[in-house]
Amino acid sequence: MLRIKSPQDVGAALVFLAVGIAGIYFGGDLNFGSPGAMGPGFFPIVLSWIILAIGVVVGAKGLSVEGPPIEPFKLRPLIVILAAILAFGALVDMIGLAITAGLLTVLAGFARRDVNLVETLLLAVGLALFCVLLFVYALSQPFPAWWGR
């Protein structure tokens with residue numbers, strides 16, 4: 001009988017297998033083509049097979065190598081991160097990308113129980129500047145960079 005030695009790896013393998021099988025199933029209606037003349041289904045199906053193979057490898061590792069147990073489910077991080085994602089959509093047009101990115105980095109920091117406020121504020125400033133420089137100026141995305149613009 002098989003003994004699960006690493007429940008985390010087996011759980012991850014099940015997710016990889018499910019995603020790979022779903023990709024192959026849903027991409028099956030698309031024309032596959034060939035490497036020389038790729039159809040619209042070529043990349044999704046090849047990628048799904050790669051994901052499926054990763055699932056098999058991770059699952060084999062979970063059955064053969066000792067690993068940590070699955071940690072108990074925590075609701076706080078899930079709620080805080082989902083709230084940050086929803087708040088981004090609501091706030092970015094009103095207060096701009098820089099302020100939104102900074103505020104939501106601080107909010108997302110509270111997903112952890114042991115929040116270091118100075119560390120979180122420094123990360124918020126850095127991410128806000130990085131987001132504005134990358135998305136607004138380098139990639140010319142249609143985000144308002146600052147409040148009122």
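How exposed is Glu 119? Glu 119 is partly exposed, with a relative accessible area of 44%. On this scale, buried means under 20% relative accessible area, exposed means over 50%, and partly exposed lies in between (1.4 Å probe, protein chains only).

The model is predicted: local features need pLDDT of at least 70, side-chain atom pairs count only at pLDDT 80 or more, and totals for chains, interfaces and linings use all residues. Residues are numbered from 1 along each chain as its sequence is written, and side-chain values use heavy atoms, with hydrogens and water left out.

**View 1. Glu 119 and Arg 112 form a salt bridge.** Their closest N and O atoms are 3.7 Å apart. A salt bridge here is a side-chain nitrogen of Lys or Arg within 4 Å of a carboxyl oxygen of Asp or Glu. Arg 112 is partly exposed, at 40% relative accessible area. Salt bridges with shared partners join Arg 112, Asp 114 and Glu 119 into one network. The whole structure holds 5 salt bridges.

**View 2. Lys 61 and Asp 9 meet in a salt bridge.** The N to O distance is 3.3 Å. Lys 61 lies in helix α2 (residues 42-64) and Asp 9 in helix α1 (residues 7-27), so the pair ties together parts 52 residues apart in sequence. Helices are DSSP runs (H or I, at least four residues), numbered from the N terminus. Lys 61 is partly exposed at 43% relative accessibility. Asp 9 is buried at 16%.

**View 3. Helices α1 and α2 pack at an angle of about 160°.** Their axes are 7 Å apart. That makes α1 roughly antiparallel to α2. Axes are lines fitted to C-alpha atoms, for helices over the stretch in contact, and angles run from 0 to 180 degrees between N-to-C directions. Angles under 35 degrees count as roughly parallel, over 145 as roughly antiparallel, 65 to 115 as roughly perpendicular, and the rest as oblique. α1 passes α2 in a left-handed crossing. A crossing is left-handed if the near helix is turned anticlockwise from the far one by less than a right angle, and right-handed if clockwise. Ser 48 also sits in helix α2. Ser 48 is buried, at 7% relative accessibility.

**View 4. Helices α3 and α4 pack at an angle of about 165°.** Helix α4 covers residues 97-109, and the two axes are 9 Å apart. α3 and α4 are therefore roughly antiparallel to each other. α3 passes α4 in a right-handed crossing.

**View 5. Phe 73, Leu 75, Leu 78, Ile 79, Ile 81, Leu 82 and Ile 85 make a nonpolar surface patch.** The patch covers about 700 Å². Nonpolar side chains (Val, Leu, Ile, Met, Phe, Trp, Tyr) are joined into a patch within 5 Å, like charges within 9 Å; members have over 30% relative accessible area and no salt bridge. Ile 79 is found in helix α3 (residues 75-95). Ile 79 is partly exposed, at 49% relative accessible area.

**View 6. Glu 71 and Lys 74 pair in a salt bridge.** Their side chains meet at 4.0 Å, N to O. Both Glu 71 and Lys 74 are exposed.

**View 7. Ser 140 has a positive phi, near 55°.** Ser 140 is a residue other than glycine. Most residues other than glycine have a negative phi. Ser 140 lies in the segment after α5 (117-138). Ser 140 is exposed, at 57% relative accessible area.

Conventions: Accessible areas come from the Shrake-Rupley method with a 1.4 Å probe; for residues, only the protein chains shown count as cover. Helices (H or I, at least four residues) and strands (E, at least two) are DSSP runs, numbered from the N terminus.
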